[in-house]
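Please examine the sequence and structure shown here before reading the report.

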Amino acid sequence: MQRLILSDLDGEPCSGSRKKQQQQEAQTILDEIRRAVQAGQRCVVITGAGISVSSGIPDFRSPDGLFQQLKQKYPNSVSTGKDLFDATLFSDPGMISLFYSFMGELRNLVSRANCTPTHAFIKELDEAGKLLRCYTQNIDSLEKRIGLETSLHQTPSSDLSSLGANLSSEVDSPPSPPEVVTPCSSPPELVSDCSSLDTEDSATVVAPPPSLTDEEKKTLAAKRRTVRRRQTTLDKTFTRAVQLHGDLDNVICTICHTKYPFTEKLAEEFCEGAPPPCPRCKEIEMIRDLVGKRSVASGVLRPDIVLYNENHPQS
């Protein structure tokens, strides 16, 4: 930990006495952090742009950060660098072009960046079983590169499979098969066919065979409720790092919300300042044209990040 904080001080222009004072202050902070981490069983880490500066990715608000760089680069178009991270830019064609050019350059910069000692420290906490979760405002995905799972969606398939097998054996073992009553229009071959139904009224009802005792019926019903609950509940131990503002690994369509990898080819198109059309929307438009249907709005691809004055997609 000492190395990762003091290394950030090496690049700061200051006198020898001032630098020594900063190192002493950093050492005091490190001692407090070390004692807290050692004493605690689990910890939550919250990070911002500062932890990626030593990898070559500038932060936002420092004198040489992204906001200031953008203001200097586009003095006639940008009053503050924050303008290129505000969702209102999409109402200005000129700002849209600058936004896409900058995002293409930023994606290329991020793709060349390496993980920092701070990222390594977070990974060490995870391997030691102390990391409860890492929440980051960064969009560089360096947490993912060190091996922290960033996906928010996981189906515990192994648990569901084993529970499903147990349920099948319990249901199939009696001589008379269970009666399945379902509101679904499709054949009720599997209980999971109706897993998307949320309310109690529309839930799948399985009548147990008469050979089961009342206690066995209650046990079977409880296990079925467990399966349905696990199908809709996130495994909170699965996600190790939550990227609060998205990432530059993917782009997303503004209309159909289909995601695509943010490839080098797309980055080149971004750098030209023009929003690339969404392949899926183009395909739908072509099909509608062939069958003689009216045209509908087609989307364009944008970075899968959350901007200022924009609703969070997970909210």
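The report below treats a helix, the cysteines and the aromatic side chains in turn.

## Helix H2

The model is predicted. Helix H2 covers residues 16-39, and at 1.5 Å a residue its 24 residues should span 34 Å. The C-alpha atoms at its ends lie 35 Å apart, which agrees with that expectation.

Buried positions in H2 include Gln 22, Ala 26, Leu 30 and Val 37. An α-helix has 3.6 residues a turn, so residues three or four places apart point the same way.

## Cysteines

The structure contains 0 disulfides. For Cys 43, the closest cysteine sulfur is that of Cys 134, and the separation of 9.6 Å is too far for a bond; a disulfide requires sulfur atoms within 2.5 Å. Cys 134 is buried, its relative accessible area being 0%.

## Aromatic pairs

Across the whole structure, 8 aromatic pairs are found. One of them joins Phe 90 and Phe 99: the ring centres are 5.6 Å apart and the planes meet at 75°, so the pair is edge-to-face. Phe 90 is partly exposed at 31% relative accessible area, whereas Phe 99 is buried at 0%.

Phe 262 and Phe 270 form a tilted pair, with 4.8 Å between centres and 50° between planes. Both partners are buried: Phe 262 has a relative accessibility of 4%, and Phe 270 has a relative accessible area of 0%. Ring pairs connect Phe 90, Phe 99, Tyr 100, Phe 262 and Phe 270 into a cluster.

## Charges over rings

Arg 107 lies over the face of Phe 262, 5.8 Å from the ring centre. Lys 82 is placed over the face of Tyr 308, at 4.5 Å from the ring centre.

Definitions and conventions. Residues numbered from 1 in each chain as written. Predicted model: local features only at pLDDT ≥ 70, side-chain atom pairs only at ≥ 80, totals over all residues. Heavy atoms only, no water. Helix = DSSP H or I, 4+ residues; strand = E, 2+ residues; numbered from the N terminus. Expected span 1.5 Å × (residues − 1). Buried < 20%, exposed > 50% of the residue type's maximum accessible area, 1.4 Å probe, protein only. Phe/Tyr/Trp six-rings, centres within 6.5 Å; stacked < 30°, edge-to-face > 60°. Lys NZ or Arg CZ within 6 Å of the ring centre and 35° of its normal.
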